[in-house]
Every structure is written in structure tokens, then in C-alpha cells.
Amino acid sequence: MADEASWDVAPFSPGDDREENTGTLVISQGRDYGAGDDMFTNKGVLRFAKSAAPLTLAFTSLERFANDGGLVDLQNERAGDVFSLSGSYAASGDARLGLDIGTSAADRFVIGGGASGRTGLLLNIAPSDARLLAKGLTVVTVGSSSASNAFYVANPDQGLVRYAVSYDSSTRAYLLNASAGLAVHQTVRAGEGLATAWRASAEAFGAEQSMARAAGGAASRVWAQIHGGRLDRKSDGASFDLAYDQTTAGGQMGASLGARDFAGGQAVVGLTGGYVDSRLTFDDSGLRTDIETVNAGVYSAWRRLGFFSTVLIKADRHHLKLRSPAAGFEADVDGTSWGGQIEAGYRIALEGGGFEPLVGLDYVRSGMDDLEVLGQRVVFDDRGGFSARVGAQGFIRKDLADDRAVIVSLAVEAVQDLDTDQTGHLVSSGQTDVVALEGQKTFARTRLVAQFQTGGGLQAFVQGEGRFGENQLGGGVRAGARYRF
């Protein structure tokens, strides 16, 4: 049986009838199988015909319907069709049921007996029609007790929503429910990228101060850096695949005024500003977020004998372009990050170099505008928290002729983020679903730097760095120069 032309709607004669579909059978009318022990086996595609109005079709007097790796396809671009079986339903192999889903209606599969095996539901719904539901939509009913997992959604993520099936044993109904989907979870997770961009430029200031101490001197100076990096972020074992890669590239510059006496030591103040371009891409063709960031900040540094401290206050302005081909949207939003960084330590002078144990405390707070797409809204809660750092730097210095020198330093740092939770809300059709994610908490950084000092106040450096720890692995390079005057 392969097409509608071979479909006979006349009642069967009494007897045990066996019918098998191995091709594509398009139906627009039901069928009465008459008396006897009758069975229909679907190994191909049993498809509802297109219609101007929802169809209600039934296979009556049929004791058993076997869906043997086939597709029962009610998808005809109109939600509300009903397909009824008078007997039992048994699924095996890759059994599937195709349904049209609307904003408040769905196709239904009505089984007079029980359902056995496992059947995947293939949902046909426009991304803009995929909404949160005030109550579940009935998609399958059975006449006798059946397994709660007899039906599942094979393509759950549609637009901003993830669909799932639940079983109500009191009504023997399988209900389609909706919650915030993969695209929403990924946009909430992408908020981490703002903090990463903030850190990329803050670490430029930290690297400059570290190398300036190693080089020595207290004169006024201007400095500039270029930097690039990559971070591979794992999924944290969540029920959604939230693994992503983030690349950053940018530049930072600053100017420090000459040292002034302060609190028994010497202090400098300065200004800094820069730009970071970042791309955050989720695995398996998921959400891609391009982030453009400009920043500006003020800083100070203080030294007394071997003691030193630095303070940075900085604000970033972000522009994000989010693209999700799978969810069917593209949008631009803006965001802001601001925060501060404090670091303190002590230099232990050694022959031909030195050693610096240090501690630090950072605070970063990031926020994004609401994402309004597909007739719905994703609201992002601000993300803020402290990070504690502890580490050390050792360096050796080789003086050359004509006031030139080479300085090589190695630094190791452990970071503990104290509050990294991320929260967002999907607002859809008068319903709200909350997304709460845990962020990365612990990681370590290593830096290896080669610095070159030439005569005339010019110094240059190149740095390689690594980052590794809880659900993350990354690295990057920096290069820059400063001029003392």
C-alpha cells in the first residue's frame, strides 16, 4: 500500500484482517475494519491530507495498530486534527508521531486501548508560535493504563521554548508542556561573556603594573598593549548543552603621572581606556554572540619599601549581536559592566631578581537590556560578585650595556569567584519561566613574560598566559610597550 489511490474506505468483510503500509499513504477519510481480530502495521508514512479545516479521522473496529518504525503524520499545516484508533497501539523501532502545534491548539492522537513501546513526537510549529503555556495541551489520550514515557518529544527546542510530555494518569492523557528552551538558557549563559571582556582589559592593567614593578623606576609613563585570548567553557553538567568558546582581541592604553609622596611612600595615579572585540559561540551550531566593548577607568599605585598596592576602577559599555539560526532570531542588545580591582603584595629582593607574593580582590557587576524577539521577552538579572585572588610572581633581570636589560618573569595565580549565579526570565503569553544557572567558580592563571628595556626610557614586552580550572581551559598572548619620561 503506497498511496491514497489504493485506499478503500468500504468496510472489511468479517474475518481477521492484516494490513501493512510500507510506502507513503495519504488519508482523508477513516476506515471501518469490521468484525474479526484486525491489525494495521505501519512501516512507512501514514499521512493526513491537507485540508481547509481540521480533520477528524478514525480507524474503527481495529483491534491493534502497530507502528513498526513508521511515521504517523498528522502534520498538514493546520493544528486541531484528530486521529482515533478503536484498539491498542504498539510502537517499535524508530516510531514517530507528527503533530501540528498552534499557540492554543494541537493535533491529537486518540487510542481506544493502551499504548506500549516508545514513540517520538515530531512537532511542527513556527518559532514565533512556540510559547509558554498556561496549561498543558493534550496531544495523546489512551483508553487503558499505559507507561508514562510511552511518548516523548523528539525535537523539543522550538523558538525560545522547550517542549516536553507529561502523563496524567487520572485522565489517561499525555500533555505537551513548555518551558524556557535552549536558546534562552544560552542567552542567559552568554552574560558571562561580559565579565570575561571586563577582565580582559583589567588584566591588561594588572600586567602593566606587574611588569613596571619588575622594571623599576617611578617616572611618568605612557603605555599600550594589544591582547588576544581564547576560553573553552564546559557545560557544567546541566540538562542543557551550554558549552561555548569565547575569543577576545583588543587593545588597552594608559598614562601614569609621576610619583608623589603619600602615606610614607610614593603614589601614582593614571587613566586608562581601551577596546575589546569578543565572539562567544555555543557548541553544535548554537547561539553566537558578538560583543563589542569600550572601556575607561582610573587607577592608582602605591609603593613603600617592599610593600605595594594597586587600585583600578573601570566601566565597560557593551554592544551585543545575538544570532540563533536554530531558534530563528537575530537581535542587538546593549550592556554595561563596572567594577573595581584591588591588589597588594610585598617584593622580596633577591640577587639578580625578586619575588612577589600578592593577594587581590575584584568586584564586577554586569547587566544587559531585555532581549525582545519572536513576540516574547527575555529579561536578564544583573550579575555581580566578588573574586578573591592569591598568587606570586618571580623574576630575574639581566643587565646589558648602554642601560639595556632583559627581564623574565613567571607568575601563578588562583582565583575563587564568590558569587557567579546567573538568572533570567522568559516572559511569554502572560507566563514567566525562570532560568537559574551556576557560573564558573575556581580557576588558575599562569603568565610567562619576557621584557626588554632599551636606552632612552622605552620598554617592551611579550607575554603568554594560560587559564585552567573548573569546567574551563584557555590561554592568550599580550604584547606592549611603555615609555618613561
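Ser409 is buried, with a relative accessible area of 6%, where buried stands for under 20% relative accessible area, exposed for over 50% and partly exposed for what lies in between (1.4 Å probe, protein chains only). The model is a predicted one, in which local features need pLDDT of at least 70 and side-chain atom pairs count only at pLDDT 80 or more, while totals for chains, interfaces and linings use all residues. Residues are numbered from 1 along each chain as its sequence is written, and side-chain values use heavy atoms, with hydrogens and water left out.

- Ser409 has its place in strand β32 (residues 405–417); strands (E, at least two residues) and helices (H or I, at least four residues) are DSSP runs, numbered from the N terminus.
- When its neighbours within four places in sequence are left aside, Ser409 is in contact (heavy atoms within 4.5 Å) with Gln393, Gly394, Phe395, Arg447, Leu448 and Val449.

**An open sheet**

- Eight strands form an open sheet with mixed pairing, in the order β3-β6-β9-β12-β15-β19-β18-β17, and two strands are taken to pair if DSSP finds at least two bridges between them.
- At the edges stand β3 (31–32) and β17 (157–158), each of which has a single partner strand, so that one side of each is left without a neighbour in the sheet.
- Within this order, strand β15 (residues 137–142) pairs with strand β19 (residues 173–180) in the antiparallel sense over 4 bridges, and Leu137 stands opposite Leu176 in β19.

**Positive phi in the loops**

- Ser61, found in the loop between β6 (56–60) and β7 (64–68), has a phi near 55°, which is a positive value in a residue other than glycine, and at 30% relative accessibility Ser61 counts as partly exposed.
- Arg172, in the loop between β18 (161–168) and β19, has a positive phi of about 55° although it is not a glycine, and its relative accessibility of 32% makes Arg172 count as partly exposed.

**Aromatic pairs**

- A pair of aromatic rings is described by the distance of the centres and the angle of the planes.
- Rings of Phe, Tyr and Trp (its six-membered ring) pair if their centres lie within 6.5 Å, and planes under 30 degrees apart count as stacked, over 60 as edge-to-face and the rest as tilted; by this rule the count comes to 19 aromatic pairs.
- One of these is the pair of Tyr89 and Phe151, whose ring centres are 6.0 Å apart and whose planes are at 20°, so the pair is stacked.
- This pair links distant parts of the chain, with Tyr89 in strand β10 (residues 88–92) and Phe151 in strand β16 (residues 151–153), 62 residues apart; Tyr89 is buried at a relative accessible area of 2%, and Phe151 counts as buried at 2% relative accessibility.
- The rings of Phe151 and Tyr174 have their centres 5.0 Å apart and their planes at 70°, so this pair is edge-to-face.
- Phe151 in strand β16 and Tyr174 in strand β19 are 23 residues apart, and their pair links distant parts of the chain; Tyr174 is buried, with a relative accessible area of 0%.
- Ring pairs link a cluster of residues, among them Tyr33, Phe59, Tyr89, Phe151 and Tyr174.

**Charges over rings**

- A charge sits over a ring if NZ of Lys or CZ of Arg is within 6 Å of the ring centre and within 35 degrees of the ring normal.
- Arg31 lies over the face of Tyr33, at 5.6 Å from the ring centre, and the charged end of Arg213 sits over the ring of Phe308, 3.9 Å from its centre.
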